Amino acid sequence: MRKPEPEPVPVAIPFVVLDVHEDGTVTVTVDGKRLDPDPFAPPWRRSSFGQIIDHATNDRTTPARVEVREADGTTFTDIIAPRRRRATQPKPEAENPAPLPVFLTVEGDGFVPGEDVAVAAITGHTDAAGTGAARALIDAAQLSADTSGGVVEVLLLGRVCGRVVVQRVAP
């Protein structure tokens, strides 16, 4: 004897209704049940839309049908899709361990004992205009921690004495 096929279960998604009032506050219901902000939080406002949707969809893990009823009588309806989940793949085991950091020494004399000395990586050079003004555009990739990103010189600047030491570095 064959078992009868089970009846299909209808798919249901939460129905979120946002009633926008004249003063900009919003009353929210999810499937007919009122959804209030957290205790001691200010009332829902139009700007709370993202937070309301996050609450109603369990941080956007489920879809929701959303209806916004404006104070002037207009109504907007939309389906909010869940966020796409990124497949998490295990990181492959590294065949070679990460290289140890390489430290370079930059030294300079003539500073006031104990003064604050600024250290700056020089990523390039520019020329001053006829007015004496200079401008530089810096590629963010050159600001990486390793010296292969374009750093070829290091500047030491004494904050008290004004002494400047520029030293070429070799990776």
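**Overview of the model**

Of the protein's 171 residues, 20% count as buried, where buried means under 20% relative accessible area, exposed over 50%, and partly exposed in between, with a 1.4 Å probe and protein chains only. Please note that this is a predicted model, in which local features need pLDDT of at least 70 and side-chain atom pairs count only at pLDDT 80 or more, while totals for chains, interfaces and linings use all residues. Residues are numbered from 1 along each chain as its sequence is written, and side-chain values use heavy atoms, with hydrogens and water left out.

The accessible surface comes to about 13900 Å², and 55% of it belongs to carbon and sulfur atoms. These areas come from the Shrake-Rupley method with a 1.4 Å probe; for residues, only the protein chains shown count as cover. Among contacts with a separation of 6 or more, residues 24 or more positions apart account for 47%; contact means heavy atoms within 4.5 Å.

Read from the N terminus, the order of elements is β-β-β-α-β-β-β-β-β.

**The five-stranded sheet**

Let me begin with the open sheet of five strands, whose order is β3-β2-β1-β4-β5 and whose pairing is mixed. Two strands are taken to pair if DSSP finds at least two bridges between them. Which strands stand at the edges? They are β3 (33–35) and β5, and each has a single partner strand, so one side of each is left without a neighbour in the sheet. Neighbouring strands here are turned by 25° against each other on average, direction ignored; the axes are lines fitted to C-alpha atoms, for helices over the stretch in contact, and angles run from 0 to 180 degrees between N-to-C directions.

Within this sheet, β4 and β5 (residues 75–80) run antiparallel and are joined by six bridges. Glu67 has Thr77 in β5 as its bridge partner, and Arg69 stands opposite Thr75 in β5. The hairpin of β4 and β5 has five residues between the strands, and there Gly73 takes a positive phi near 100°.

We turn now to the loop between α1 (49–56) and β4 (64–69), where Asn58 is placed. Is Thr57 buried or exposed? Thr57 counts as buried because its relative accessibility is 1%. Neighbours within four places in sequence aside, Thr57 is in contact with Thr62, Pro63 and Ala64. Asn58, by contrast, counts as exposed, because its relative accessibility is 54%. The phi of Asn58 is positive, near 55°, in a residue other than glycine. Asp59, not a glycine either, has a positive phi of about 55°.

**The three-stranded sheet**

Finally, an open sheet of three strands has the order β6-β7-β8 with antiparallel pairing. Its edge strands are β6 (117–122) and β8 (164–168), each pairing on one side only. From one strand to the next, the twist averages 20°. Strand β7 (residues 153–158) pairs with β8 in the antiparallel sense over five bridges, and Glu153 stands opposite Arg168 in β8.

Technical notes:
Helix = DSSP H or I, 4+ residues; strand = E, 2+ residues; numbered from the N terminus.
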